[in-house]
Every structure is written in C-alpha cells, then in structure tokens.
Amino acid sequence: MPGTVTEKLIEDHLVDGLMEPGEEIALDIDQTLTQDATGTMVMLELEAMDVDHLETELSAQYVDHNLIQEDNKNPDDHLFLKSACEKWGIWYSPAGNGVSHPVHQERFGVPGKTLLGSDSHTPAAGAMGMLAMGAGGLDVAMAMAGEPYRVNMPEVWGVELRGELPAWCSAKDVILEMLRRHDVDGGVGRVIEYHGPGLASLTAMDRHVIANMGTELGATSTVFPADDAVKQFLAQQHRAAEFKPLHADDDVEYHVTETIRLDEIEPMIAKPSSPGNVVPVADVQGKEIYQAYIGSSANPGLRDFAVPAMIVDGQRVPPEISFDVNPTSRQMLQNLTDMGYLGKLYASGARVHQAGCNGCIGMGQAPATGRNSLRTVPRNFPGRSGTREDSVFLCSPETAAASALTGEITDPRTLEETHGITYPDWTEPEQIIVDESALSPPPETLGGELEKGPNVKSLPTFERVPNAITGPVLMKVGDDISTDEIMPAGSEVLPYRSNIPKISEWVFDQIEQGFYERASKQGAPWLVVGGSNYGQGSSREHAALAPYHLGMRAALAVSYARIHWQNLVNFGIVPLEFMIGTTTMPSTRATPSNCRPFARSYRTVARSPCATPRKIRRSRSSTG
C-alpha cells in the first residue's frame with residue numbers, strides 16, 4: 001500500500017504496536033539531542049538509573065540557552081554537562097557554538113533517521129527527512145539507554161505547497177499562515193507532512209523554519225521529503241555522502257489534506273501573546289516599536305540574516321530602536337563576516353549578540369515595559385521575553401528589518417515606495433565556510449566522575465502514587481496555558497534548572513505572584529484545574545518537577561499538550577481529563593504498581609505497558 005514519508009519512517013523504526021491513528025506504538029531512536037536548560041536533568045536521570053553506556057547511534061549535548069554568566073551557576077552547569085558527555089560518550093557543543101537545532105541539522109542531520117530531543121522544537125530536523133520529536137528529559141534519557149520511545153500513532157496531515165513565494169515573503173510567513181488557519185492546537189495528534197511542487201523553491205533551512213514552528217501547532221512532528229534541496233544542503237555542509245532520498249509514494253492518501261498557494265502568501269504577524277494570534281502585517285502596521293529582533297532556531301538560515309542585511313544596507317536604524325541580531329552559530333558568524341553582511345548590519349546600527357538562543361528564552365534582550373517588540377523567534381507566551389508585561393509580536397526577518405528602519409510595525413512591501421528599497425536578490429551559495437572545530441566528539445575512553453558544582457542537586461525523592469488523592473484546588477487556569485506560565489524561563493529562573501527546590505519558588509509566578517508562599521503553606525497534596533491544551537510549549541520537565549516539589553499531585557483538565565502530559569506522568573502527577581458532554585464515568589482498570597504509564601491517547605487517560613504485547617503489523621486507517 002502506498003506510504004507517506006511519515007509512515008515509512010515509522011515503519012522502519014517500529015518496535016511494537018499497530019500503525020493505526022491513536023494506537024500506541026514504540027519506536028527505536030537513532031539520535032538524541034539535549035540542550036543545557038533540559039540536559040542537566042537528562043544527565044542526572046542517567047546517573048539515577050545507573051546507566052553505564054548509551055545505545056543510540058549518536059547523542060549530542062548543546063549549550064545554547066543559559067549563556068549569561070553573571071555568577072557561577074551557568075558555567076558550573078556547563079562543566080557538569082561536559083563531564084557527562086565524557087562519561088557517557090556524547091558529542092558536546094560548548095557555549096557560543098550555536099543553537100542546537102540548526103547546528104544539529106548542519107552536522108548530524110541524516111535523512112531516514114529518528115531523533116528524540118529534550119526540546120520541543122526538535123521537529124525542526126524534519127526538514128532533512130527525519131522523524132524528529134520533542135520529549136521530556138526522562139523519555140530522552142530512556143532512549144539513550146536503549147528503551148524505545150512510546151507515542152500514539154499520529155494521523156498524517158498532508159499539506160500540499162504550490163507556486164512560489166512572492167517578494168518580501170519567506171518561510172516564516174508560511175508557518176504563520178498555518179497558525180492563522182489552525183491556532184496552537186490544530187496539529188494535535190498529527191504529523192504535518194509537506195509535499196507538492198512548491199517545495200522546489202524552499203531550501204532545507206527554509207523548511208527548518210516551517211518544521212520548527214510546527215510545534216506551535218501542537219503537532220507531534222513535521223516531516224519533509226529528502227529531495228534535491230536536502231542533497232544540496234548536505235553538499236554545502238561537506239556531507240554529500242550522507243544523502244539518501246526519501247519520498248512519499250505516488251497516489252498516497254493522507255488522513256487530512258490541505259493546500260497552500262505560496263504565491264498568495266502575504267507578510268504575516270502573530271500578535272501578543274500567542275503564536276496562534278496571527279493576522280496580516282498590514283492589519284497592525286503603524287504601531288510604534290521598541291525592538292526588532294532577528295535570530296533563534298525559528299529563523300536560523302544564512303538567508304535569514306543576509307536578506308535583512310541587504311535590506312538595511314546604506315540605511316540607519318533610528319537610535320531609539322533596539323535592532324538585535326542573534327546569529328545562530330559560530331559558523332554563521334564566520335560566513336556573515338566573510339560575505340560582508342555582518343558589516344552591513346553593524347553599519348545600520350544593529351546590536352550583534354553571541355551565537356545562541358539568547359532573548360528567545362528570556363536570556364537577555366528583554367524589551368522595555370509597555371513597548372512593542374518584534375521577534376523572529378517561535379514563541380511569544382506572556383513573560384517569556386524576560387519582561388513580565390511584555391508585548392511580543394512574531395514575524396519574518398523581512399518584516400523585522402523593515403520595522404527596524406521605520407520604528408513602527410511595517411509591511412515590508414511598502415519599503416519600495418517609502419525608502420526606494422527593492423527586494424534583495426538572494427541565492428543560497430554552493431560553498432560556505434564550514435567550521436566544526438568547537439564540537440567535541442565522544443572520547444575514546446569513557447567513564448570518569450561527574451563534575452558537580454554547588455548548584456547541581458540530585459533528583460528529589462518521589463512518593464508512590466496513592467490510590468486516592470484528596471486536596472484543595474490551588475490554581476485554576478483557562479485554555480492553552482503554557483509551560484512558560486507554569487514554570488517561567490529567563491535569566492533569573494533558568495540558572496536553577498538543576499536545583500529543583502530553588503526553581504520551585506517560581507511555580508505559576510507568571511499567573512500569580514506569591515503562589516509559592518501559598519502552596520508552601522498548604523503543603524501536599526494540592527491540585528490544578530485547567531482548560532484544553534494544558535501545558536503547551538516547552539518540553540522542560542521543570543514544569544512538572546517543580547510543582548511536584550511544592551505538593552502538586554494531580555491535574556484536572558479538558559486536554560493536555562502531549563509532552564507535558566508525559567512529564568506529569570513520569571514524575572508522579574496524575575493527569576485526569578474531564579469527560580466533556582457525557583454523564584457516565586469511565587471504567588477503571590488496576591495497573592501493577594511497577595508499571596510506568598507512557599504516551600497518552602487523546603481519547604483516554606492513560607495506557608499501561610503491562611498489557612499483552614501486540615503483534616507488530618503495518619495497517620492504514622480507511623478513514624479519509
């Protein structure tokens with residue numbers, strides 16, 4: 001039977017389960033990705049499990065989030081992560097080498113492989129014809145130790161692309177259009193697979209932009225075929241021998257279908273404070289801004305910096321505007337310098353920062369109070385920028401550059417009339433500087449001691465989940481509550497990522513200042529009530545670990561984001577779902593106490609791995 005790219009990837013890695021939407025499946029994982037905001041927990045979990053060697057083909061640890069070294073905490077954790085890489089045989093990318101997702105695509109992305117990452121934007125690697133998924137740290141640690149990753153078989157959402165993007169539009173406008181149509185939960189239970197003749201005009205890094213922000217749609221992953229664009233990218237990165245084609249079969253049927261005409265795309269923007277709050281830029285143009293920010297894993301390609309540099313060439317950004325440029329890798333900085341683009345950005349008044357996530361995770365570049373910030377980052381959840389009452393808009397590099405020049409939200413198509421600027425003629429170069437000198441490969445001899453600074457604390461003790469939980473509801477929230485609102489990011493909080501007792505002081509702080517004191521006074525157990533899509537956003541386990549430390553033992557919500565549901569289950573918080581529209585209660589089934597539930601079905605509360613194993617077979621749903 002004809003297969004999609006997604007189905008071929010799943011079939012090649014299927015360990016257990018039926019390939020029918022909603023059925024639980026187990027997948028063999030080839031590669032893992034961890035970064036410093038989540039990787040410290042992964043390494044502590046490997047230590048707690050007494051793992052002596054890894055089973056993955058390749059695992060890589062990146063230091064890209066917590067780069068500000070205002071005291072010892074961040075550098076101490078970097079040394080801890082380096083020692084963990086030497087102990088278990090993990091590639092190590094140090095501070096300043098770049099953002100995990102584009103660097104991983106450049107150095108390690110291989111068509112046909114599976115990748116599990118302790119970062120929710122890991123699906124960016126789908127640009128290479130990989131099945132890449134974000135997960136909580138414990139699930140990634142288990143995969144590194146050789147356990148299959150369990151998830152519900154997704155529907156495959158085929159999105160056909162036709163035509164070519166017009167001037168002043170780019171890949172970011174495509175994914176923003178998807179978010180305009182479907183909001184932040186439109187992809188739940190699905191893998192988005194792009195296909196069609198329009199792919200020919202999108203480079204591998206253009207596809208990275210789209211795959212990266214498929215996470216904001218709630219999708220399990222995003223997948224592209226491995227075609228000539230991927231072949232050209234690998235050749236550019238001096239890795240041509242690692243290319244192998246991967247395409248959907250002819251006449252394949254998708255569970256859900258959609259078409260986007262690229263030639264009808266216009267500049268789009270997500271208003272505060274949700275990636276799904278999207279409108280055309282023309283609808284909000286004229287609003288004054290304080291900041292225009294270019295960079296992050298959601299716009300990491302060479303063209304994402306070169307095109308803005310050509311737009312502002314010979315121009316000067318007004319002095320009251322903070323024009324922030326965050327190159328995504330050391331290699332990117334070298335190429336921007338070598339090609340002359342970095343000089344154009346500096347001459348325009350840009351502030352060029354070190355290669356890393358930086359302001360995307362609230363690690364610097366916070367906007368002023370009450371002022372608008374335009375960013376090419378993937379998320380604009382409340383307070384994520386580092387400023388509590390922030391006003392962050394998500395846009396393309398073209399819109400950010402145009403708005404930096406004018407000092408207000410600007411449809412970039414108007415620059416031809418107002419500034420005499422024509423859309424830059426950009427072609428991806430065949431040859432670039434390739435620099436992997438900062439990457440440390442696994443040492444020949446593994447082992448050694450973990451180097452723990454005073455801020456690195458062992459995992460807390462977890463109680464057995466009781467048969468009944470009785471306690472007050474201490475927090476009630478609405479739909480689409482994000483992990484950034486449950487457990488904030490930023491330069492004040494994230495340095496305590498390996499210190500659960502300390503980081504718990506910020507639980508729900510974005511929603512209610514003083515919640516920590518109230519919860520501490522109450523003590524365990526207490527509960528949270530939420531709406532739909534509870535826990536969307538980051539894969540950070542701290543959004544489960546820290547509430548657990550404070551005494552949270554159960555959540556009652558309409559529905560949950562996939563990764564956060566898994567994290568709650570992994571650390572002993574029971575995620576219950578309201579039975580909407582029915583007066584009957586679901587039946588209960590005893591589960592042996594030594595069994596750990598894994599990936600949820602969106603139709604059920606939990607499933608048990610202690611059930612009789614099912615015969616592996618491939619089957620397609622007959623539904624449309």
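The buried residues of helix α11 are covered by a set of elements that includes α9 (302–312), β16 (322–326), α10 (330–338) and β17 (351–352). This is a predicted model.

**Helix α11**
- Helix α11 spans residues 341–348.
- Its buried residues are Y341, L342, L345 and S348.
- These residues cover an arc of only 125° around the axis, so they sit on the same side of α11.
- An α-helix has 3.6 residues a turn, so residues three or four places apart point the same way.
- Just after α11 comes G349, with a positive phi of about 105°.

**Helices α2 and α5**
- Two packed helices are described by the angle between their axes and the distance between the axes.
- Helix α2 covers residues 36–48, and helix α5 covers residues 137–144.
- They pack at an angle of about 55°, and their axes are 9 Å apart.
- That angle makes α2 oblique to α5.
- The crossing of α2 and α5 is right-handed.
- From α2, the contact is made by V42, E45 and L46.
- From α5, the contact is made by G137, L138, A141 and M144.
- The contact residues divide into 5 nonpolar, 1 polar and 1 charged.

**Cis peptide bonds**
- P272 and S273 are joined by a cis peptide bond, with omega about -5°.
- S273 is in the loop between β13 (268–270) and β14 (278–280).
- A cis peptide bond also joins A524 and P525, and its omega is about -5°.
- P525 is in the loop between α16 (515–522) and β21 (526–530).

**Positive phi without glycine**
- D183 is not a glycine, yet it has a positive phi of about 65°.
- D183 lies in the loop between α6 (171–182) and β10 (190–195).
- Is D183 buried, partly exposed or exposed? Its relative accessibility is 33%, so D183 counts as partly exposed.
- N358 is not a glycine either, and its phi is positive at about 50°.
- N358 is in the loop between β17 and β18 (372–375).
- Is N358 buried or exposed? Its relative accessibility is 4%, so N358 counts as buried. The cut-off for buried is under 20%.

Technical notes
Residues are numbered from 1 along each chain as its sequence is written. This is a predicted model: local features need pLDDT of at least 70, side-chain atom pairs count only at pLDDT 80 or more; totals for chains, interfaces and linings use all residues. Side-chain values use heavy atoms; hydrogens and water are left out. Axes are lines fitted to C-alpha atoms, for helices over the stretch in contact, and angles run from 0 to 180 degrees between N-to-C directions. Helices (H or I, at least four residues) and strands (E, at least two) are DSSP runs, numbered from the N terminus. Angles under 35 degrees count as roughly parallel, over 145 as roughly antiparallel, 65 to 115 as roughly perpendicular and the rest as oblique. A crossing is left-handed if the near helix is turned anticlockwise from the far one by less than a right angle, and right-handed if clockwise. Contact means heavy atoms within 4.5 Å. Ala, Val, Leu, Ile, Met, Phe, Trp, Tyr, Cys and Pro count as nonpolar, Asp, Glu, Lys and Arg as charged, and the others, Gly among them, as polar. Buried means under 20% relative accessible area, exposed over 50%, partly exposed in between (1.4 Å probe, protein chains only). The arc is that of the directions from the helix axis to the C-beta atoms.
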